[in-house]
Amino acid sequence: PLKAVLVWTDPPGVIRTASDSTPELVNDLDLRMTTPTGDVHFGNEAIHRGQRDRINNVEMITIDAPATGSYTVSVDATTIASGPRQSYALVIVGDLSATPQEQGKRRAVRH
């Protein structure tokens with residue numbers, strides 16, 4: 001299986017009354033994976049197929065039988081309402097390999 005997990009610590013949100021159960025992320029990040037065939041998967045699709053997750057600060061994509069080929073994994077910032085940046089952790093596990101050409105496409109940025 002191929003699995004990608006995104007997690008971040010979200011800043012404190014708006015204080016709500018006990019009767020208001022509206023979930024709210026202050027900084028909303030989205031995990032997205034594109035398969036070699038062009039299919040797009042979003043984090044936590046098991047909860048809401050084909051839609052981005054708007055309520056959780058932990059998102060996961062699992063492909064039980066991934067096809068051979070290049071996968072693109074990205075983290076998009078839908079909303080950054082607190083601070084100029086949002087730190088996060090991204091873990092990808094599976095039977096992974098890289099060719100020399102693919103290594104040039106990878107990058108890691110630390111802010």
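Me: In what order do the elements of the chain run from the N terminus on?

Reply: This is a predicted model. From the N terminus on, the order is β-β-β-β-β-β-α. That gives one helix and six strands.

Me: Which residues line the second largest pocket?

Reply: The lining consists of His41, Phe42, Asn44, Glu45, Ala46, Arg49, Met60, Ile61, Thr62 and Ile63. The volume of this pocket is about 200 Å³.

Me: Why do these count as lining residues?

Reply: A lining residue has an atom within 4 Å of a pocket point. His41 is one of those listed, so His41 meets that cut-off.

Me: Which strand gives the most to this lining?

Reply: β4 does, with four residues. β3 (40-42) and β4 (58-63) each supply at least two.

Me: What is the make-up of the lining by class?

Reply: Five residues are nonpolar, three polar and two charged. Glu and Arg count as charged, so Glu45 and Arg49 fall in that class.

Me: What share of the chain counts as buried?

Reply: 23% of the 111 residues. Buried means under 20% relative accessible area, so that share of residues falls under the cut-off. The accessible surface of the chain is about 7,800 Å², with 51% belonging to carbon and sulfur atoms.

Me: What share of contacts with a separation of 6 or more joins residues 24 or more positions apart?

Reply: They account for 68%.

Conventions
Residues numbered from 1 in each chain as written. Predicted model: local features only at pLDDT ≥ 70, side-chain atom pairs only at ≥ 80, totals over all residues. Heavy atoms only, no water. 1 Å grid on protein atoms, 1.4 Å probe; cavity = no way out; pocket = protein on both sides within 12 Å on 5 of 7 lines; lining within 4 Å. Points joined across faces, edges and corners; volume = space filled by probe spheres on them. Buried < 20%, exposed > 50% of the residue type's maximum accessible area, 1.4 Å probe, protein only. Contact = heavy atoms within 4.5 Å. Areas by Shrake-Rupley, 256 points an atom, 1.4 Å probe, with all protein chains shown as cover.
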